[in-house]
Each structure stands twice: as structure tokens, then as C-alpha cells.
Amino acid sequence: MSKSIKLAILGLGTVGTGVINLINDNLDELKRRSGRDILITEVGTRRQRDDIDPTIIQSSDLMATAASDNVDIVIEVIGGTTLAKDVIMHAIKNGKHVVTANKALLAEHGNEIFAFAEEHNVHVAYEAAVAGGIPIIKVMREALAANRIDWLAGIINGTGNFIMTEMRDKGRPFADVLTEAQELGYAEADPTFDVEGIDAAHKLALLASIAFGIPLQFDKVYCEGITGITLQDVNYAEELGYRIKHLGFAVRRDGQGDGSGDTSAAGIELRVHPTLIPQNALLANVNGVKNAVLVNSHPLGQTLYCGDGAGAGATASAVMADVMDLVRVLGSIDSNNESTNGHHVPHLAFIPEQLSDTPILRAEQMITGYYLRVHAHDNPGVLADITRILSDAGINIDAILQKPAHKLGQVPVIILTLPVIESQMNLAIEKIEKLDTITDKVVRIRLDELA
Ligand code: HSE
């Protein structure tokens, strides 16, 4: 067998430890598939660990490890966007290929990092950054390379999906389930990233760039989390044949006007929010820590990719898939003495000079259906007032559910609408909230038939 490939792992948390365990468990398979011996030569860790093979050098100087002559591929799993960025840039500068699970770093600084990597003729691989163990980056960059992607919708945060599933199935309180997700190693170091949708927005920014050939634009992702979802809304949605899931959407819109008034604009919607989807949709039945990404492309049509979206084993699987790709790239240099570029797809799937400047649409230009929960006094004509406002705004009602007045004398009215431009819905909700008969703010959750 030819020369060994030497790995450095920076960070020994859930994922770093998962990578070591995977290599220990599957080393023979890895060797048989790559034709190379794979060795962890160094780990970068703040605290020395005595449960690690003593032949592996442990160092708290992560910059030195990232540049070590004893390393071919640097695996960054420390997380965060400061030290992680410094060590990755240093590794690149020193000619190392990099594998990272760091979606926050790439979503915020990926354009700069990829450009630096191109300059230094190395690769930054990031399968583990999106949807845990699901090989969605590889699928979109390689298997779907001949398709035009029109939209994708995904459950891309395992912690959030785990919480929503436990709340719906077992009526468990939010905080309880979040603690369990942290214990299981699913949640981010700062779990608000999971429950406020920020982690999903990071991943969506990456998916959208690969789907549409646009630079990374995390700052333009519209983002809502799951903290405002109540069991009451979960149950009403179920009663109407829908399920609330926290989804990320990247949608290409051709537009039918200039985007002013009620005309739709051309551009790309990037949004993360709770969404009602039909109970019988496959995505509605992706539960627990599972992630799934539904891609609608031409001419292929819809394809769905599903698997564990968080946790040590799933993430280590994606990290090592990238390592295996790079081992093959390095292998071809050895035998042919050629540049690596010809052997690897571009970082964002499209060649850098071909990235497009299609605009990302603002939230008020986005088009979705809606679930509205309106609380009104139990008076004659209330329903007529609400429906008149919606009809004057050209909003088409798909279903209505009115519950009997509860003890406060208020009636919850649930309305499902067909897709509408968000600015039109904002105006209608403003008018509804001004009615004397309306007692509370209107609760709105987006709805998508995924058709
Ligand atoms: N906190 C993330 C999640 C981990 O729950 O999906 C995987 O990115």
C-alpha cells in the first residue's frame, strides 16, 4: 500500500471523538476503499486526553498542528467563527486540504475561505456542515449536476425536529426536550442557534449557493425559529390535515412583474420558518433527529434525501466521506504528479467566475400560503369582516375552522390561505388587527403544499 495519509483533528468534542471512533471501528474498510493507510497523527485539544492512542501527538497549539509537516488533511471540528477561521486559513496557507463541519463559519466567511483555498490549490470539504450524515452536498454538486434546481425544502436542524416531534407525539414541554437533545450531543454549543433557526439558516445558505450558483449570502436569509410554536397551533394544524415542521426553503422565482404592489419579483427566496405541510407529505413524517431535504429539479423532478441530521456517528460519517474524497485526490497527485483541481468539483458546485448575481428577495416579496389564528369576540359578523378583508386583498381562503367560544367569550378562528405575496398578507393582517372585535395579535404560520 502506498504512502499513508496523515490526519490532524482539531477539536475533540462530540464530532472529533466520533471521528476517532469511526476510524478505529472501520479502518480496514477505509483502507480497502481508498487504497491508502489512514493515520491520525495529531490532535489539537485544549485538554490532554488519556483515552487517546499514545502514538497520536496531542497539542494545545492548534495553529502549529494546522501547519504541521506531519499532516496532509486538517479536520476542523472546534466550531465557532474566530479560532476556527484562523486555523483553517493557516492550514490552507500551508497547503493542507481541510475538512470541516462548521456551517456557521462557512455561511458567514465561506466566500473568502473558498477563494483563499482556490488560490492555494487546496480543497475545503464540508459535507458534515449540512444535514449531518446525509450526503446532500455530494448529491447536489455531483449527482444532480445536470439538472436545473428550481427549489428545495428541508428539515435541516435535528434538534428542532426532535423537539417538535416530542412535543407533538408526547406533549412534552419544550425545555425538557431541549435538555435531552443537548445530552444526546445534537444541540449547538449555544442552543439558541437551533431553536431560533440560525443553524438552519447557516445550512440553507450553503444549500442555496450549491443549488443556484450564487455566492454565500447568510445575511439575506429570512429566519424564524420554533420558540413561538404552541401545542394549540400544533393541534389545530393536525385537525386540518397538516403538520407543523421547521423548514428551510430556497426557491427560484421567475417573477411576473417588478415586485411592486401585488406583482411578484424575480429572484431567490431564502427562508427558514415553521411551516404547515400536508400530513401525508413524506417530509411531514420525518421525525426525531432525522433531517431530510426535498429537491425539485429539472428534468429529474422531486428527490428526497433523509437520515440522521446530528450526533457523533452521523457527523463523523460525513467528515470521513470528505476525507476519503481527498485521499483519492491526493492519491492521483502521487501517481500522476498533476494539479488537484481537475479531480474535484468546485467548492460551490459552479466554477467561481460563473457565480450569478440573481437577487435574494426581501421577506415582503416572498410567496407562501398561510395558517392564521385569529381570536375574536363572539359577535355576529366577525367572520364576515375577516373574510372581506382577505378577499379585498385578493387572498384566497382554502379552509376555515371556527371553534366554539371558550370561557372568555372569544372564538379562535383558524384560516388556511393559498399562496400570497407577503406584503399583501401584511396589509390584510394589519387591517384585521384593527377590527374592534379582534382581541389579540393574529398568529401566522406559513403553509406549503410542497407540490
Ligand atoms: N445542532 C445541529 C442540529 C447539529 O441539531 O442539527 C448538526 O448540524
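**Briefing: a cavity, its surrounding elements and the cysteines**

Helix α6 (158-170), helix α10 and strand β9 each supply at least two residues of the lining of the largest cavity, where helices (H or I, at least four residues) and strands (E, at least two) are DSSP runs numbered from the N terminus. The model is predicted, so local features need pLDDT of at least 70 and side-chain atom pairs count only at pLDDT 80 or more, while totals for chains, interfaces and linings use all residues. Residues are numbered from 1 along each chain as its sequence is written, and side-chain values use heavy atoms, with hydrogens and water left out.

**Cavity**

- The structure holds one cavity of 30 Å³ or more, a cavity being a set of points on a 1 Å grid over the protein atoms alone where a 1.4 Å probe fits but cannot get out.
- The volume of the largest cavity is about 40 Å³, taken as the space filled by probe spheres set on the points, with grid points joined across faces, edges and corners.
- Its lining, made of residues with an atom within 4 Å of a point, consists of Met-164, Thr-165, Arg-168, Val-234, Glu-238, Arg-243, Ile-244 and Lys-245.
- By class, this lining has three nonpolar, one polar and four charged residues, with Ala, Val, Leu, Ile, Met, Phe, Trp, Tyr, Cys and Pro counted as nonpolar, Asp, Glu, Lys and Arg as charged, and the others, Gly among them, as polar.

**Helix α10**

- Within α10 (residues 231-239), Asp-233, Val-234, Tyr-236 and Ala-237 are buried, that is, under 20% relative accessible area, against over 50% for exposed and in between for partly exposed (1.4 Å probe, protein chains only).
- These residues lie on the same side of α10 because they cover an arc of only 165° around the axis, the arc being that of the directions from the helix axis to the C-beta atoms.
- Just after α10, Gly-241 takes a positive phi of about 90°.

**Strand β7**

- Seven of the eight residues of β7 (residues 148-155) are buried, so that the strand is mostly covered.
- β7 runs antiparallel to β11 (residues 290-298), to which seven bridges join it, and two strands pair if DSSP finds at least two bridges between them.

**Cysteines**

- The count of disulfides, defined as pairs of cysteine sulfur atoms within 2.5 Å, comes to zero.
- Cys-223 counts as partly exposed because its relative accessibility is 32%, and Cys-306 likewise counts as partly exposed, at 45%.

Methods
1 Å grid on protein atoms, 1.4 Å probe; cavity = no way out; pocket = protein on both sides within 12 Å on 5 of 7 lines; lining within 4 Å.
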